[in-house]
Amino acid sequence: MKLYVEPMDSVVVDVDSDGRVRFEDDIRECWHVPSLQERRAIIYAARQEREALTELLEIIEKPAD
């Protein structure tokens with residue numbers, strides 16, 4: 001998974017069941033517990049991406065005339 005989070009200018013590459021995340025640009029490759037503000041930014045970005053993907057699927061799955 002890769003999710004660009006614009007307000008953080010970071011890419012989330014993994015998340016575990018405890019809500020910890022790993023960022024693409026973290027050279028230490030460690031898990032990070034996001035702050036409330038970071039969590040909100042990640043949730044917002046994920047919802048925006050979900051909406052964009054839903055729209056893409058609706059367009060692509062539409063039968064050709």
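Predicted model: local features only at pLDDT ≥ 70, side-chain atom pairs only at ≥ 80, totals over all residues.
Biologist: Great. So is aspartate 16 buried or exposed?

Modeller: Aspartate 16 counts as buried, because its relative accessibility is 17% and the cut-off for buried is under 20%.

Biologist: And where does aspartate 16 sit?

Modeller: You'll find aspartate 16 in the loop between strand S2, residues 10–15, and strand S3, residues 21–23.

Biologist: Which side chain does the side chain of aspartate 16 make a polar contact with?

Modeller: That would be the side chain of arginine 20, at 2.6 Å. The two residues also form a salt bridge, with 2.6 Å between the closest N and O atoms.

Biologist: Nice! Is arginine 20 buried or exposed, or partly exposed?

Modeller: Arginine 20 counts as partly exposed, at 31% relative accessibility.

Biologist: Back to aspartate 16. Which backbone nitrogen lies 3.0 Å from a polar atom of its side chain?

Modeller: The backbone nitrogen of aspartate 18.

Biologist: How many salt bridges does the structure hold?

Modeller: There are 3 salt bridges in the structure.

Biologist: What does lysine 2 form a salt bridge with?

Modeller: Lysine 2 pairs with glutamate 24, and their closest N and O atoms are 2.7 Å apart. This pair links distant parts of the chain, as the two residues are 22 residues apart. Lysine 2 belongs to the segment before strand S1 (3–5), while glutamate 24 is in the loop between S3 and H1.

Biologist: How accessible are those two, exposed or buried or in between?

Modeller: Lysine 2 is exposed, with a relative accessible area of 62%. Glutamate 24 is partly exposed, at 43%.

Biologist: Which side chain does aspartate 14 meet in a salt bridge?

Modeller: Aspartate 14 meets the side chain of arginine 22, with an N to O distance of 4.0 Å. Aspartate 14 is partly exposed at 29%, and arginine 22 is partly exposed at 26%.

Biologist: Changing topic: where is the place of threonine 54?

Modeller: Threonine 54 is in helix H1, which covers residues 36–61.

Note on methods:
Residues numbered from 1 in each chain as written. Heavy atoms only, no water. Helix = DSSP H or I, 4+ residues; strand = E, 2+ residues; numbered from the N terminus. Buried < 20%, exposed > 50% of the residue type's maximum accessible area, 1.4 Å probe, protein only. Polar contact = N/O pair within 3.5 Å; in protein donor to acceptor, adjacent residues only side chain to side chain.
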